[in-house]
Amino acid sequence: MTVHAFIFPGQGSQSVGMGAELAAAFAPAREVFEEVDDALEQKLSTLMFEGPMEELTRTENTQPALMAVSLAVLRVLEKEGGLELKRAAALVAGHSLGEYSALAAARSLGIAQTARLLRLRGTAMQKAVPAGEGGMAALIGVDLEQARAICAEAAILRVEGEPDRSEIIEVANDNGGGQIVISGRATAIERAIAVAKARGVKRAVVLPVSAPFHCSLMAPAADAMGEALERAEIAAPVVPLVANVSAAKVTDPQAIRDLLVRQVTGTVRWRESVEAMAAMGVDSFVELGAGKVLSGLVRRIAPEAATRSVGTPADIEAFLASL
């Protein structure tokens, strides 16, 4: 019997038009988009369906928007297809903001509350570091230890006639398949690109992001999320979550709170999370929401597992037919 994990995408999966087909085809999807719009007091759905892209990619919009599409897909599967999450999936997981989508899917968080938390998370992350002072880069063709060594070397700022100083640069995402994302001070990221090239790394590129996510520069955002999550109503999920920062199963609401706060500054251990799910018996990963980024990552980490992306009415029909 197939053992499914439902997985939820993070930033980078957004595109103008996402969710529009779902809204046109299914009342449960429209209800999710309306609930998110009402919670944020903004027509976020119009921005998702029509753009412009530069507004959609502002992190305070991207985060709740991607969650909305993921939850719209799930609600259609549940209400139109009769799917019951705790029977259909053994585990849930999400990449960065996708962890909130996973928790909303598993009824640990309500949709409106999740939208507001993600709006706050996006705003707090953007405010944590002044524009231009932080950055991120992708290193392709490296493992975790190599990436850490590159960060350690790039952290050292040498100025002639002055003692060496250290700047923050850390591993933000271990995405698997030799893809590591690093995050930190913009000047340290520049040095890391040079170090990576000198070490013969296959590819090292600066990412077009607005802030240095998942590193200790995000501490002010972690503080803001700590306060918000302390007030948030969090229930035990109906399906265990495999958390980004621990790569382990969690169901306890207080532990979930703590992990969500740690996630703001911590490494997204996606490779280890997928490996852990496979070790727990998962042989099928179903990505719910926009894009196919996570399915591609899973294929590189666990090539023996089946993968499927479910984000359009046609995808929904095909997935329901497969159950």
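The following dialogue explains how the descriptions of this predicted model are reached.

Colleague: What rules apply to the model as a whole?

Modeller: The model is predicted: local features need pLDDT of at least 70, side-chain atom pairs count only at pLDDT 80 or more, and totals for chains, interfaces and linings use all residues. Residues are numbered from 1 along each chain as its sequence is written, and side-chain values use heavy atoms, with hydrogens and water left out.

Colleague: How many helices and strands does the protein have, and what makes a run count as one?

Modeller: There are 15 helices and 12 strands. Both are DSSP runs numbered from the N terminus: a helix is H or I over at least four residues, and a strand is E over at least two.

Colleague: Why does the radius of gyration agree with a compact globule?

Modeller: The rule for a globule is 2.2 Å times the number of residues to the power 0.38, and the radius is taken over C-alpha atoms. For 323 residues a compact globule would have a radius near 20 Å, and the protein has 19 Å, so the value agrees. The C-alpha trace spans about 70 × 45 × 35 Å along the principal axes.

Colleague: Which domains does the protein have, and where do the bounds come from?

Modeller: Domain 1 covers 4-128 + 216-321, and domain 2 covers 134-207. These bounds come from an automatic or database domain assignment. Taken over C-alpha atoms, the centres of the two domains are separated by 28 Å. Their contact, meaning heavy atoms within 4.5 Å, takes 14 residues from domain 1 and 13 residues from domain 2.

Colleague: What makes β3 and β7 a pair of strands?

Modeller: Two strands pair if DSSP finds at least two bridges between them. Strand β3 (residues 134-140) is joined to strand β7 (residues 179-185) by 7 bridges, and the two run antiparallel. Gly135 stands opposite Gly184 in β7.

Colleague: In what order do the strands of the open sheet lie, and which are its edge strands?

Modeller: The order of the 4 strands is β6-β7-β3-β8, with antiparallel pairing. The edge strands are β6 (169-176) and β8 (203-206), since each pairs on one side only. From one strand to the next, the twist averages 20 degrees. Helix α14 (residues 293-301) packs on this sheet, touching β6 and β7, and its direction makes about 80 degrees with that of β6. For such angles, axes are lines fitted to C-alpha atoms, for helices over the stretch in contact, and angles run from 0 to 180 degrees between N-to-C directions.

Colleague: What makes β6 mostly covered?

Modeller: Buried means under 20% relative accessible area, exposed over 50%, and partly exposed in between (1.4 Å probe, protein chains only). Of the 8 residues of β6, 7 are buried.

Colleague: Why is Ile256 called buried?

Modeller: Its relative accessibility is 2%, so Ile256 counts as buried. Ile256 lies in helix α12 (residues 253-265). Leaving aside neighbours within four places in sequence, its contacts include Leu103, Ile234 and Val250.

Colleague: Where is His214 found, and is it buried or exposed?

Modeller: His214 is found in the loop between β8 and α11 (219-231). With a relative accessible area of 3%, His214 is buried. Its phi is near 55 degrees, a positive value in a residue other than glycine. Most residues other than glycine have a negative phi, and most peptide bonds are trans.

Colleague: Which peptide bond is cis?

Modeller: A cis bond joins Gly51 and Pro52, with omega about 5 degrees. Pro52 is placed in the loop between α3 (44-50) and α4 (53-56).
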